Amino acid sequence: MNYIGIDLGTSSVKLVLMDTAGHIIANVSKSYPIDYPKAGWSEQNPYDWYDACMEGMKELLDGQDESTVGGISFGGQMHGLVILDKNDEVIRPAILWNDGRTTKQCEYLNEVIGRDKLSEYTANIAFAGFTAPKILWVKENEPDNFAKIDKIMLPKDYIAYRLTGVHCTDVSDASGMLLFDVKNRRWSSQMLDICGVTEAQMPRIFESSECVGTVKKDIADELGIGYEVIVAAGAGDNAAAAVGTGTVGDGHCNVSLGTSGTIFISSKEFGVDSNNALHSFAHADGKYHLMGCILSAASANGWWMDKILGTNDYAGEQSQITDDDLGNNNVYFLPYLMGERSPHNDPNARGTFIGLTMDTTRADMTQAVLEGVAFALRDSFEVARSLGIHIARTRICGGGAKSPLWKKIVANVLNIPVDIPENEQGPSMGGAMLAAVACGEYPTVRDAAEAIVKLTDTVEPEPELAAKYEERYQKFRKIYPACRDLFLELAK
């Protein structure tokens, strides 16, 4: 049988068709717009997601034997608020994970309800991108829309609903809502009460590789697939990417250089960072994970290349950076273009170049952007170390991981080997693997990962270069504290 994996990303949906052995038969990408109604706001139309997914699946299956499709599942952008009325129509555009409008609501949750209570209820505290603060924002600013809410969903789960008619979510994605009791894998009654919603308004919770239903007949007819095709719950994008890179079981690490950037650490045991600088979420393998997330990673490089330099020749720009340049750049960059999440939890933080001189070159600034993202990821890496977690090596995925230069920078900034998976599809690959498990091809997610995921290369850190980056990182980590109060003043 073959399996469709759908990665519902921020700028596009990426789809793969995978066979039982894990070989990618076909892949497709379809883009859709993002709206920025105000500075720091970010929204999308869920109908655009659905249209892109349907178009993508039709193109993916063009020329294929549709009868071989056994299952469909997902990875998806997390935290986005999708609200439906009693007729299951979308009430307003989805408020996305990188939307920063909820500063007031986060302050209420963290300071009035209290971080200790939030951590007790959900294992996490409020961050601007999380779903619960968005619900409070709608309640306070759009009471008419709030009164219409019949179902609260996440982005990928809206697609699962359109395919199956089932209002569903999975444990990994639900973990990022600040409405979910992560330790006990159930909705938090206390948080639902705080947000003024009921469990009846929430989707049913599934494990990531569980079947939520089968494709509706009209959808199956439109796609040309069988009525018995299973739809599995899927996972949040980072958990799905971890499955796709084989980051399952205990003590494994994955770095993602996607629109956002993450350090993802899988664990067989539930655990919470006492300072809540790292997220504590359920994992798609049935266990748990800790995750540090920076809001701008490959998107920071995309901003620099597309909007500032006005070029799409990413490789050409990076080719100007030589091995001798690495570790010797005097320009630093804070990649906080959408504020920052881990570990600062500061929606007012902003992108910043520092160290510019008259002899600073275009290549120096390009290098600073790549290094700034790696240094920001190192911040979360250091939080994990402070918890006594030993990370000996990591895997890597995401669009930024296509750059040999960026992978080399990450390996030396973190000073650990970086393993390169054979397939770079990340969340879409993970989604297809979850579908295969749901269909019984593999007993568990871990079995699927061990059978399917192959490594093709390893980037080893170089002692001399790693030492240079250690010195530069110690300078980098002083920049944000020096700018924090200024960021707040500029935001007023």
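User: Which helix gives the largest share of the lining of the second largest pocket?
Analyst: This is a predicted model, where local features need pLDDT of at least 70, side-chain atom pairs count only at pLDDT 80 or more, and totals for chains, interfaces and linings use all residues. Residues are numbered from 1 along each chain as its sequence is written, and side-chain values use heavy atoms, without hydrogens and water. Helices are DSSP runs of H or I, at least four residues, numbered from the N terminus. Both α2 (103–122) and α12 (362–386) supply at least two lining residues, but the largest share, six residues, comes from α2.

User: Is Val 437 buried or exposed?
Analyst: Val 437 lies in helix α14 (residues 427–438). Buried means under 20% relative accessible area, exposed over 50%, partly exposed in between (1.4 Å probe, protein chains only). Because Val 437 has a relative accessible area of 10%, this residue is buried.

User: What separates the C-alpha atoms of Val 437 and Cys 211?
Analyst: Along the chain, Val 437 and Cys 211 are 226 residues apart.

User: How many residues of helix α9 are buried?
Analyst: Helix α9 covers residues 237–244 and is mostly covered. Its buried residues include Asp 237, Asn 238 and Val 243.

User: Which residue just after α9 takes a positive phi?
Analyst: Look just past the end of helix α9. A phi of about 80° is found there, and the residue is Gly 246.
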